[in-house]
Amino acid sequence: MKGSRYPRLIVPEVNRDSRGERGLFGPAYDLLDDRRLPAHDRRRLEEIVNWFERHLPSPDRSILRPRAIFWFRRRAEPMIRRFWNLAGVLKELDYEVRILKTARPGYVLYEDDDQVGAIPFRDTF
């Protein structure tokens, strides 16, 4: 998409709150909760997720709405590289991962240097 400034990595499963496709953190946390996940996969996922928990700002959830979804800013390259690492692990664990890009993420409810949280416009996708 010409002029796309906001990438989002997703799995083609519907998030019941946003009604959009799920981002990668949901499946990652689901896997970490699954006792059947092999130990070496658990360690890899924990390492990546823990890195994001330490480095990616977490918004005050009281300002968000259930339909809000998050997009990285294109300039957030270190975050995006790590996110591709998470995508690679999920792919190895049989998740399909896709990338969406937009120039219009929607009605922005939250933003920081790395991401925006927005309620999508009808033409966001």
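Entry 1, salt bridges. I count a salt bridge where a side-chain nitrogen of Lys or Arg is within 4 Å of a carboxyl oxygen of Asp or Glu. The model is predicted, and side-chain atom pairs count only at pLDDT 80 or more. By this rule I get ten salt bridges. E13, R22 and D30 are linked in a network of them.

The closest N and O atoms of R98 and E21 are 3.9 Å apart, and the two form a salt bridge. R98 lies in strand 4 (residues 98–102) and E21 in strand 2, so the pair ties together parts that are 77 residues apart in sequence. R98 is partly exposed, at a relative accessible area of 37%. E21 is also partly exposed, with 29%.

E111 is in strand 5 and R73 in the loop between strand 3 (69–72) and helix 3, so I note a link between distant parts of the chain, 38 residues apart. I find R73 buried, with a relative accessible area of 11%.

Entry 4, R81 and E77. The salt bridge between these side chains has an N to O distance of 4.0 Å. Both residues lie in helix 3, four residues apart, which is about one turn of the helix. R81 is exposed, with a relative accessible area of 52%, whereas E77 counts as partly exposed at 49%.

I turned to the buried nonpolar side chains. In soluble globular proteins, such side chains tend to be buried together. The largest nonpolar core here has 25 residues, and L24, L45, F52, F72 and L86 have the most contacts inside it. Strand 1 (6–14), helix 1 (25–33), helix 2 (39–55) and helix 3 (77–92) are the elements that give it two or more residues. Helix 3 gives the most, with seven residues. I then listed the contacts of L86, leaving out residues up to four places away in sequence: L86 touches L24, F25, A28, L45 and I48. There is also a second, separate core of six residues, which includes I10, W71, L100 and V116.

Which residues of helix 1 are buried? I find P27, A28, L31 and L32. Seen down the helix axis, the buried residues of helix 1 fall within an arc of 140 degrees, so they line one face of the helix. They pack against strand 1, strand 2 (21–23), helix 2 and helix 3.

I looked up where D114 sits and found it in the loop between strand 5 (107–111) and strand 6 (115–119). Which side chain of opposite charge is nearest to D114, and how many Å away is it? It is R75, at 6.7 Å. Because a salt bridge needs the nitrogen and oxygen within 4 Å, I record none for D114, although D114 is buried. Not counting residues up to four places away in sequence, D114 touches L56, P57, W71, F72, R73, A76 and M79.

Terms used: Residues are numbered from 1 along each chain as its sequence is written. This is a predicted model: local features need pLDDT of at least 70, side-chain atom pairs count only at pLDDT 80 or more; totals for chains, interfaces and linings use all residues. Side-chain values use heavy atoms; hydrogens and water are left out. Buried means under 20% relative accessible area, exposed over 50%, partly exposed in between (1.4 Å probe, protein chains only). Lys and Arg count as positive and Asp and Glu as negative; His and the chain ends are not counted. Contact means heavy atoms within 4.5 Å. A nonpolar core is a set of buried Ala, Val, Leu, Ile, Met, Phe, Trp, Tyr and Cys residues joined through side-chain atoms within 4.5 Å. The arc is that of the directions from the helix axis to the C-beta atoms.
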